[in-house]
Amino acid sequence: MKEYSCCFTGHRKISENEYYKVMFLLRQTIEQKIKEGYKFFCAGGALGFDTMAAMTVLKLKEQYPHIQLHLYLPCVEQAQKWSEQAKKRYETIKQQSNLIVYVSHNYTNDCMLKRNRTLVDKSSFCIAYCNQSKGGTVYTMNYAKEHNVSVINIANNISMGTF
């Protein structure tokens, strides 16, 4: 299953300037992976890029009904402090996903890190959106590379003007 699985990692905040570019490149990259034989798309359920990726996979399921969305979530109460709109979207994503795995029942200091590692450990490819030099997304990309998981950072296409 790992060879047909692709995970996502990215920032929680995406600037208004880049939002539609990220959305376009994300969809284009996921479709390319589907054409290469990927079937399982793994998201971590966070706000921002994770939510965008999950919603994109769910939309693409209409065109490619064989693909699946797998959620690897840090803890049961992940969305507890989110806005009502964000909670509603999160619940919709969960209801439409094919698999939900909680890496920890309760919040712990390392549940996000465990979630990120699990995403990578279950995948052979990682689609990232990273335009910073430190933080969880950078850690996850480096962890992926250290574990021979290929990574494409779509932020590079935006910053290099290849969009």
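Q: In which strand does Thr-9 lie?
A: Thr-9 lies in strand E1. Please keep in mind that this is a predicted model.

Q: Is Thr-9 buried or exposed?
A: Thr-9 is buried, because its relative accessibility is 6%, and the limit for a buried residue is under 20%.

Q: Which residues is Thr-9 in contact with, leaving aside its neighbours within four places in sequence?
A: With those neighbours set aside, Thr-9 is in contact with Phe-49, Asp-50, Cys-126, Ile-127, Ala-128, Tyr-129, Thr-137, Thr-140 and Met-141. Thr-137, Thr-140 and Met-141 belong to the buried residues of helix H5 (residues 136-146).

Q: Which other residues of H5 are buried?
A: Val-138, Tyr-143 and Ala-144 are buried in H5 as well.

Q: And what covers the buried residues of H5?
A: The cover includes E1, H4, strand E5 (125-129) and E6.

Q: What comes after H5?
A: H5 is followed by Asn-148, which sits in the loop between H5 and E6. Asn-148 is not a glycine, yet its phi is positive, at about 60°. In general, most residues other than glycine have a negative phi.

Q: Is Asn-148 buried or exposed?
A: Asn-148 is exposed, because its relative accessible area is 71% and the exposed class begins over 50%.

Q: Let us turn to the sheet. In what order do the strands come?
A: The sheet is open and has six strands, in the order E4-E3-E2-E1-E5-E6, with parallel pairing. Strand E4 (99-102) and strand E6 (150-153) are the edge strands, each pairing on one side only. On average, neighbouring strands of this sheet are turned by 20° against each other, direction ignored.

Q: How many bridges join E3 to E4?
A: Four bridges join strand E3 (residues 68-73) to E4, and the two run parallel. Within E4, Ile-100 is the residue that stands opposite Leu-71.

Q: Which strands does helix H4 lie across?
A: Helix H4 (residues 111-121) lies across strand E1 (5-10), strand E2 (40-43) and E3. The angle at which H4 runs to E3 is about 150°.

Q: What does Leu-60 touch, not counting residues up to four places away in sequence?
A: Leu-60 touches Arg-27, Ile-30, Glu-31, Ile-34 and Ile-67. As for Arg-27, it is 33 residues apart from Leu-60 along the chain, and the C-alpha atoms of the two are separated by 8.2 Å.

Q: Last topic: how many cavities of 30 Å³ or more are there?
A: The count is one cavity of 30 Å³ or more. About 30 Å³ of space lies in the largest cavity.

Q: Which residues line the largest cavity?
A: The lining consists of Gly-45, Leu-47, Thr-51, Trp-82, Ala-86, Arg-89, Tyr-90 and Ile-93. By class, five of the lining residues are nonpolar, two are polar and one is charged.

Q: Which helix gives the most to that lining?
A: Helix H3 (residues 84-96) gives the most to the lining of the largest cavity, with four residues.

Note on methods
Residues numbered from 1 in each chain as written. Predicted model: local features only at pLDDT ≥ 70, side-chain atom pairs only at ≥ 80, totals over all residues. Heavy atoms only, no water. Pairing = 2+ DSSP bridges. Axes fitted to C-alpha atoms, helices over the stretch in contact; angles between N-to-C directions. Contact = heavy atoms within 4.5 Å. Buried < 20%, exposed > 50% of the residue type's maximum accessible area, 1.4 Å probe, protein only. 1 Å grid on protein atoms, 1.4 Å probe; cavity = no way out; pocket = protein on both sides within 12 Å on 5 of 7 lines; lining within 4 Å. Points joined across faces, edges and corners; volume = space filled by probe spheres on them. Nonpolar A, V, L, I, M, F, W, Y, C, P; charged D, E, K, R; others polar.
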